[in-house]
Amino acid sequence: MKQKFDIIESTCVPINIDNCNTDLIIPARYLASTTRDEAFFGDAFMHDLRFDAEGKEVEGFVMNRPQYREAPRPGVHEIIIGGKNWGSGSSREHAAWAIAGYGARVVVSSSFADIHRNNLLNCFVLPVVVSEDMHQELMQTVSRNPDARVRVDVPNQTITNLATQRSEHFELNTYKKHCLMNAYDDIDFLLSNKDKIEAYEAARQ
């Protein structure tokens, strides 16, 4: 979903799975679908960890616990604290669709698979890379206290654990930052520069 990014302050869902690959994020059987329905892919997010073969909820999985099961909405569960090397495995864009369809706007980890990281950005989900120490602190904070809040300040490129007031700067490509803050995909960006492009073409003639 295209939404402008500014400051996101929210409770978080801790998915403490290192090397969480794209097949866990969305099982391969969903890749044949041609729909772009957000709810369809959101329901598929982490499906085989959330549900057993009979479709029953897996007791104990973090997303099924009462304190974390509420669907994301402004200020609630918009941020996922993921394990290290989030999004490894195949390059399927559907994994980013699933996270976006679920409603998360930010995924935080100490490391991401490169292709998945770019896919997230293209789907208006911000991947935030933090230090190992900050990652461990955030994971511990939100696991111990489901009401703990984290602030992601996109203009200033900082992430803050509001429980401890610890803050870190994160890297973000200038072009992608501009697109996120204006809710632009690549085509929107080109259209926003239509007058400049036409002026350039006219000057060349």
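How many salt bridges does the count come to? The count comes to 12 salt bridges, where a salt bridge is a side-chain nitrogen of Lys or Arg within 4 Å of a carboxyl oxygen of Asp or Glu. This is a predicted model, in which local features need pLDDT of at least 70 and side-chain atom pairs count only at pLDDT 80 or more, while totals for chains, interfaces and linings use all residues. Residues are numbered from 1 along each chain as its sequence is written, and side-chain values use heavy atoms, with hydrogens and water left out.

**Salt bridges**

- Arg-92 and Asp-23 form a salt bridge through their side chains, at 3.1 Å from N to O.
- This pair links distant parts of the chain, 69 residues apart. Arg-92 lies in the loop between strand S2 (79-82) and helix H4 (94-102), and Asp-23 lies in helix H1 (residues 22-25). Helices (H or I, at least four residues) and strands (E, at least two) are DSSP runs, numbered from the N terminus.
- Arg-92 counts as buried at 15% relative accessibility, whereas Asp-23 is partly exposed at 38%. Buried means under 20% relative accessible area, exposed means over 50%, and partly exposed is in between (1.4 Å probe, protein chains only).
- Glu-70 and Arg-73 also meet in a salt bridge, at 2.7 Å from N to O. Glu-70 is partly exposed at 36% relative accessibility, and Arg-73 is partly exposed at 44%.
- Arg-166 and Glu-168 make a salt bridge at 3.7 Å from N to O. Arg-166 is partly exposed at 29% relative accessibility, but Glu-168 is buried at 15%.
- Lys-2, Asp-185 and Asp-188 are linked in a network of salt bridges.

**Helix H4**

- Why is H4 largely enclosed by the rest of the structure? The reason is that 8 of its 9 residues are buried.
- The buried residues of H4 are His-94, Ala-95, Ala-96, Trp-97, Ala-98, Ile-99, Ala-100 and Tyr-102.
- Their cover includes strand S1 (7-15), H1, helix H2 (38-44), S2, strand S3 (106-109) and helix H5 (114-122).

**Nonpolar cores**

- A nonpolar core is a set of buried Ala, Val, Leu, Ile, Met, Phe, Trp, Tyr and Cys residues joined through side-chain atoms within 4.5 Å.
- The largest nonpolar core has 29 residues. Ile-15, Phe-45, Met-63, Ile-80, Trp-86 and Ile-99 have the most contacts inside this core.
- S1, H2 and H4 each supply at least two residues of this core. H4 gives the largest share, 7 residues.
- Phe-45 is in contact (heavy atoms within 4.5 Å) with Ile-15, Ile-25, Arg-50, Met-63, Ile-80, Ala-98, Ile-99 and Tyr-102, leaving aside its neighbours within four places in sequence.
- A second, separate core has 24 residues, including Cys-12, Phe-124, Met-139 and Leu-172.

**Strands S6 and S7**

- Strand S6 (residues 158-161) and strand S7 (residues 166-169) run antiparallel and are joined by 4 bridges. Two strands pair if DSSP finds at least two bridges between them.
- Thr-160 stands opposite Ser-167 in S7.
- S6 and S7 form a hairpin with 4 residues between them. In the turn, Gln-165 has a positive phi of about 70 degrees.
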